[in-house]
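Me: I'm new to reading protein models. Could you walk me through a few features, one at a time?

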Amino acid sequence: MTDYMNMDDRSVGMFWVVSYTMAQPACETIMNWLSSAGVTELLPGTNMQSNERFTGMREVSPLPMSLLSGLCMNLCQKLFYQMEESLFSGQVVPNIAMVETYCRLLLIAPYSLFRSHFSHLAQKYPSLLSKPAVTLLVLEIANYRLLPLYRYQGKSKTLMYDVTKIVSMLKGKRGDHRVFRLAENLCMNLILSQRDVFHVKREGKGPSEFTETLNRITIITFAIIVKTRGIADADHLPYVQSMLEQIMATSQHTWSERTLRHFPPLLRDALNGRMDKRGLAIQTWQQVETTVINQCTRLLSPSPDPNYVMTYSNHSFPQHRKYLCAGAWILIQQHLENINGGNLARVLREFSPEEVTENIYTMVDVLLHHIQMELQHGHSLQDLLLKACTNLAFFLWTHELLPMDILLLALTDRDDDPHALRIVISLLERQELQTRVKYYCMNRGPPEHWLYSGLFKRFDLQTALGNHLSWKDRNPLFFDGIAARLLPVIPLIVYRLIENDAMDPAERVLAMYSPLLVYHPLRFTLVRDMLAYFYGHLPAKLTMRILNVLDLSKITFSESFPQHLSSSSPVMCPPPEYFATLLLGIVNNVIPPLNNNPKYGCIGDSSNNLGRTVHTKAPASSQSGSTNSSESQRAFYQIQDPGTYTQLVLETAVIELLSLPVSASQIVSSLLQTVVNIQPTLIQSGNCLHGAPNGVAQGSTLPTSPSGGSTDSLGASRSPPVSGINTSNFVSWSGYTCQQLSCLLIQACGLLLAQLPPDFHLQLYMEASRIIKDSWWLTDGKRSLGELDSAVGYALMDPTWAAQDNTSTAIGNVVALLHSLFSNLPQEWLEGTHVIFKHLRPITSVAMLRITFRIMGPLLPRLANAHTLFNKTLALLLNTMVDVFGKNNSPSIPVEASEIADLIDFLHHVIHYEGQGGPVQANTKPRPEVLALCGRAAESLRSDVQHLLSHLKPDINSSIYAATHPKVVQNSS
């Protein structure tokens, strides 16, 4: 038998060769290794009958990634299918090593081997998923091993819908708690992992099939998505309203004012008017309290009637059953020492999971109401809170009656009660929970499970899950545990603490549970989203604690980033060198190359590495001076979150900027100073790589809108070089010419800013407008109309001239930066661009009018399917025309209407484009609403300009489009 754990490099290489020449024998030897330890009789759990025994494979070490990564794909597929058969349809319980090796194969070959497990198994083995053992194994694999892979493949929504079917099927089924709670926990992780909006139901219709807990988490997730990433497409905007309707049809929850103030306006406005039904719940409790207390007294009596359990389970009324835990809590509050929890445990197991959840939520409301009443009677708050936590410990740990994750979430969601979060903190700090978390972390193995070469330890079922979930279940565990169920819960608690300005407790929770959070499947995304969601509200100490959720030694931050983060002078913004290096990393590793010639360089912050030797290698990350071509070739399993190396570089830059202890306006100002004047900075360094004539390499494609140009006669408009950037090695690190690099840095800046929260965009619009308005050739009243037209033409109309002629204007570069930002912004955030109009107006010259059209014009085709936003943007552009050509305006320099004929042509085309919803066809017609909009604007224009717009008015006598549009003709008649 080959010992795969002790093979040297030569043996591994030989086995790789064998995998290509003798795949079947190689497959058999691997399968024999995984079962080589034989089988053993698995001991029954505490709650199982002695005759309920079954056999399972003894543990061996899983195959190492170093061996699996070189196997031929044919062997990988053979292994995958044989393991799948053994795992899901075998007669013996597989060992963890086989499950782990199966997962490692999927991580090594995500494109070739990935399957959506539920649909794949349902098709291949139709009856298998009806077996709880198979369902549990698939759920554990998905929840604790393959969650990032599903997101990487774009199948996390599909998995979410598949798991929702299980949740929907089991939530009303009595007694089936283990499968349900694992499926619900997986759904929590899947919902929180989404990066764009989604339908709550696959078909997008009807009320939500989620549980109450999942409904609440979905709302939080949508708030995070909309606030930190935006809604990417206009077609997705209806999803939000649809989602809210689906959830509101079943959920009774109302959000606290502190939570709502952090929600994006879209969600806040929709949820603000919800009626708080807690008062009704308490009123109902007061009506049934006597009956419920009597029932609980019989159940919790030290000498209970054994037959009463089934009598209660089968014959009690629903309005009484939902308050069972609340009544038990009241009795425990009064007589903790005389309580027998055995019968209560049996009753709760006979409940459906949905009934248990409802009991938890009603118990929390009654508990908090009881504390308020006791305070009014003069009792000490400290004593009440201590007693409440002791009683909850009875439910959670003494008798393990309730799922801990759901109870913590229920308390957290009542954050508008002044005592709820204090109880949550107290529960998190209790030794019983700390012991379970410590036990899990000690026995779980390292977070990077795919690198672990030792024997995995199988937890005892009751120890890992507790009495409520294990009960009579006989299926062994693989990766699950009570502590693991807290992975989606702890971040949500931290969110709620921050919303309530409890910064110190939030920091304490993160510090306390940092050993557990290293197992979070998507902790890089977790950190990025938390920093973005609360940007501007986090103290530096808490920001640092959030960053420490990551393994900072493995994140390739800029070399000077820790210095800026821990600077004793937070008002000091990092130097231009820092921002330029950050952008260069994005140019090298994120933006697609302009040509096929390999770029080269190995870079870090040049402020710390001025004498670094340049290596002739493939693109390297700007985040670390030691990275090389191997970094960008890293396999998926090495960067499962965020998923690709380009995402990793871009998101790392985002995390850096969000963590800096300076304001958004300072960061935006520094980035603008860097890119607006970057071309002369690079050229004057004298270290350009010169390729084809004019510095533009043959076959390269410059970005759509790089820097603008200037004529020699307007040489004073050239941008000055940026001070503070040492460019000695800057160009050589990138492998581009100066001209190409200046354009690409502008593109990189726009891409980076588009990933940041809207606060940054607002600052950019304000600063960009200021730079444009302060341009000398717009403020100099002595310049002739011809000179201004020439300047506008060179700066804006031909965006490649500046790169070719080594000339650059601040306006041209600012406009190019805005275009890069616009092209990367989610569509929902494009409405914020209208701030530019506010800061540029009043428009007093044709030159400024052209600049405004040049800035905003490219947006209009992108808004062809977002009619409301298109109309707003078009109306603002028409208003700028009125500023210059209004009936009551008298410009200092008379301007003929023919001077803007090209702008009218542009409006004509873009209006037809929007009417068609795409490229204009021969029979394309503008929408009547747009014609009406143009008609209203034309009424305020001079008669000669009105004439140019007459074909775009809703007048059937002057417009062929109006005369042939059925709706317009009908309205006229």
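Me: Let's begin with Asp-501: how exposed is Asp-501?

Reply: This is a predicted model, so keep that in mind as we go. Exposure is read from relative accessible area, with over 50% needed to count as exposed and under 20% to count as buried. Asp-501 has a relative accessible area of 49%, so it is partly exposed. You'll find Asp-501 in the loop between α28 (489-499) and α29 (503-512).

Me: What is the phi of Asp-501?

Reply: The phi of Asp-501 is positive, about 60°, although the residue is not a glycine. Glu-400 also isn't a glycine, and its phi is near 50°, a positive value. Glu-400 sits in the loop between α22 (381-398) and α23.

Me: Is Glu-400 buried or exposed?

Reply: Use the cut-off again: buried means under 20%. Glu-400 has a relative accessible area of 13%, so it is buried.

Me: Okay, next topic. Which residues does a cis peptide bond join?

Reply: Look at omega. Asp-641 and Pro-642 are joined by a cis peptide bond, with omega about 10°. Pro-642 belongs to the loop between α35 (629-632) and α36 (645-659). Another cis bond joins Arg-841 and Pro-842, where omega is about 5°. The loop holding Pro-842 runs between α46 and α47 (846-856).

Me: You mentioned α46. Which residue lies in that helix?

Reply: Val-835 does, and α46 covers residues 835-840. Val-835 is handy for comparing sequence with space: Ser-769 is 66 residues apart from Val-835 in sequence, yet their C-alphas are 9.3 Å apart. Setting aside neighbours within four places in sequence, Val-835 is in contact with Leu-762 and Tyr-765.

Me: How do I read aromatic pairs? How many are there?

Reply: Check the distance between ring centres and the angle between planes; over 60 degrees counts as edge-to-face. The structure holds 24 aromatic pairs. In one of them, Phe-394 and Phe-395 are edge-to-face, 5.9 Å centre to centre with 85° between the planes. Both Phe-394 and Phe-395 are buried. Tyr-533 and Phe-534 have ring centres 4.9 Å apart and planes at 85°, so that pair is edge-to-face too. Tyr-533 has 2% relative accessibility, so it counts as buried, and Phe-534 is buried with 0%. Ring pairs can also link up: Phe-80, Tyr-81, Phe-88 and Tyr-102 form a cluster that way.

Me: What about the largest nonpolar core? Which residues touch the most other members?

Reply: Think of a core as buried residues joined through their side chains. The largest one here has 318 residues, and Phe-395 and Ile-423 touch the most other members. Helix α40 (residues 738-755) gives the largest share of this core, 11 residues. Beyond its neighbours within four places in sequence, Ile-423 has contacts including Leu-367, Ile-371, Leu-385 and Leu-411.

Me: Last one: which side chain of opposite charge is nearest to Asp-417?

Reply: A salt bridge needs a nitrogen of Lys or Arg within 4 Å of a carboxyl oxygen. For Asp-417, the nearest side chain of opposite charge is Arg-278, 5.7 Å away; Asp-417 is buried and has no salt bridge. Asp-417 is placed in the loop between α23 (404-412) and α24 (420-429). A polar atom of the Asp-417 side chain lies 2.9 Å from the backbone nitrogen of His-419. Apart from neighbours within four places in sequence, Asp-417 is in contact with Leu-368 and Gln-372.

Key
Residues numbered from 1 in each chain as written. Predicted model: local features only at pLDDT ≥ 70, side-chain atom pairs only at ≥ 80, totals over all residues. Heavy atoms only, no water. Core = buried A, V, L, I, M, F, W, Y, C linked by side-chain atoms within 4.5 Å. Buried < 20%, exposed > 50% of the residue type's maximum accessible area, 1.4 Å probe, protein only. Helix = DSSP H or I, 4+ residues; strand = E, 2+ residues; numbered from the N terminus. Contact = heavy atoms within 4.5 Å. Lys, Arg positive; Asp, Glu negative; His and termini not counted. Polar contact = N/O pair within 3.5 Å; in protein donor to acceptor, adjacent residues only side chain to side chain. Phe/Tyr/Trp six-rings, centres within 6.5 Å; stacked < 30°, edge-to-face > 60°.
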